[in-house]
Amino acid sequence: MAKHLSNVTLCFLGCGNQGAAILKGVLSASSDKAEKPLFTRLIACVRSQNSEQKLAERFSQHLDKLVVSHSNNVQAVQASDIIILGTDPADIETVLRQPGLREALANKLLISIAAGWTREKLEQVLYGSETRARNTSERAWVVRALPNIAAQVSESLTAIEMSEPAVPEPYIQITNETMWVKAVLKELKLVNTWWCKQRHDRQEGIRL
């Protein structure tokens with residue numbers, strides 16, 4: 001069960017462009033003196049030492065509450081309450097099947113931002129079956145977040161797909177927390193605007 005909002009550890013399992021954008025938003029929100037911090041500790045897991053160094057340099061002013069590491073996924077999840085799954089979609093099955101990871105996720109909130117991976121598919125990889133009311137014991141509560149952008153009008157949208165059965169109330173509170181949602185959407189909007197521009201430029205190049 002989730003701890004009080006002021007005593008929660010958030011883990012980024014994979015911290016690429018979108019993960020780093022969310023991390024930036026959370027850190028910015030946590031730095032707001034007028035608001036109570038959502039998370040007291042953050043852990044960012046990356047695949048290489050080079051990525052670890054770059055992320056640590058990018059967020060060097062926040063290393064008092066941010067830990068950046070590589071090759072320590074299971075330990076990071078064990079030490080966390082909420083996990084954001086931001087791994088490359090092609091690597092998700094490999095990451096989720098790491099020995100000990102399923103056990104480390106037990107009774108915790110797993111928020112996936114991975115494209116193409118439904119909640120049911122994630123649960124199949126982790127447990128061999130979808131989560132139902134009869135089999136929730138020792139399973140993660142899976143929430144799928146689908147960030148998107150309407151670039152033409154500069155409006156962002158994140159659709160939230162919750163677990164069945166219902167996610168415990170403390171986790172719903174965190175997922176729906178206004179400061180958290182605004183911070184995430186603001187940063188994802190910037191990332192997706194860049195991505196849409198890159199796709200547009202490539203298409204224009206093909207036409208030329």
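This report describes the fold, the cores and some individual residues of a predicted protein model.

## Basis and overall make-up

Residues are numbered from 1 along each chain as its sequence is written, and side-chain values use heavy atoms, with hydrogens and water left out. Because the model is predicted, local features need pLDDT of at least 70 and side-chain atom pairs count only at pLDDT 80 or more, whereas totals for chains, interfaces and linings use all residues.

The protein has eight helices and seven strands, where helices (H or I, at least four residues) and strands (E, at least two) are DSSP runs numbered from the N terminus. Of its 208 residues, 44% count as buried; buried means under 20% relative accessible area, exposed over 50%, and partly exposed in between, with a 1.4 Å probe and protein chains only. Among the contacts with a separation of 6 or more, 75% come from residues 24 or more positions apart, a contact being heavy atoms within 4.5 Å.

Strand 1 pairs with strand 2 in the parallel sense over five bridges, and C11 stands opposite I43 of strand 2; two strands count as paired if DSSP finds at least two bridges between them. Strand 1 also pairs with strand 4, again in the parallel sense, over four bridges, and here the bridge partner of L10 is I82.

Helix 1, made of residues 17-30, has 14 residues and reaches 20 Å from its first C-alpha to its last, close to the 20 Å expected, the expected span being 1.5 Å times one less than the number of residues. The helix is mostly covered, with 10 of its 14 residues buried, including G19, I22, L23 and V26.

The largest nonpolar core has 27 residues, and those with the most contacts inside it are L10, F12, C15, L23, L42, L55 and L66. A nonpolar core is a set of buried Ala, Val, Leu, Ile, Met, Phe, Trp, Tyr and Cys residues joined through side-chain atoms within 4.5 Å. Elements giving two or more residues to this core include strand 1 (9-13), helix 1, strand 2 (41-46) and strand 3 (66-70), and helix 1 gives the most, with five residues. Apart from it lies another core, of 24 residues, among them C11, I43, V74 and L110. Not counting residues up to four places away in sequence, F12 touches residues including G19, I22 and L23, as well as L42, I43 and I84.

## Residues beyond the strands

I113 lies in the loop between strand 5 and helix 6 and is buried, with a relative accessible area of 10%. The C-alpha atoms of I113 and R144 are separated by 6.3 Å, although the two residues are 31 residues apart along the chain. Leaving aside neighbours within four places in sequence, I113 is in contact with Q18, G19, I22, I84, L85, G86 and A145.

I92 is found in helix 4 (residues 92-96) and counts as buried because its relative accessibility is 0%. Beyond its neighbours within four places in sequence, I92 is in contact with L85, T87, A114, W117 and L122. The ring of W117 has the charged end of K121 over it, 4.3 Å from the ring centre; this requires NZ of Lys or CZ of Arg within 6 Å of the ring centre and within 35 degrees of the ring normal.

Most residues other than glycine have a negative phi.
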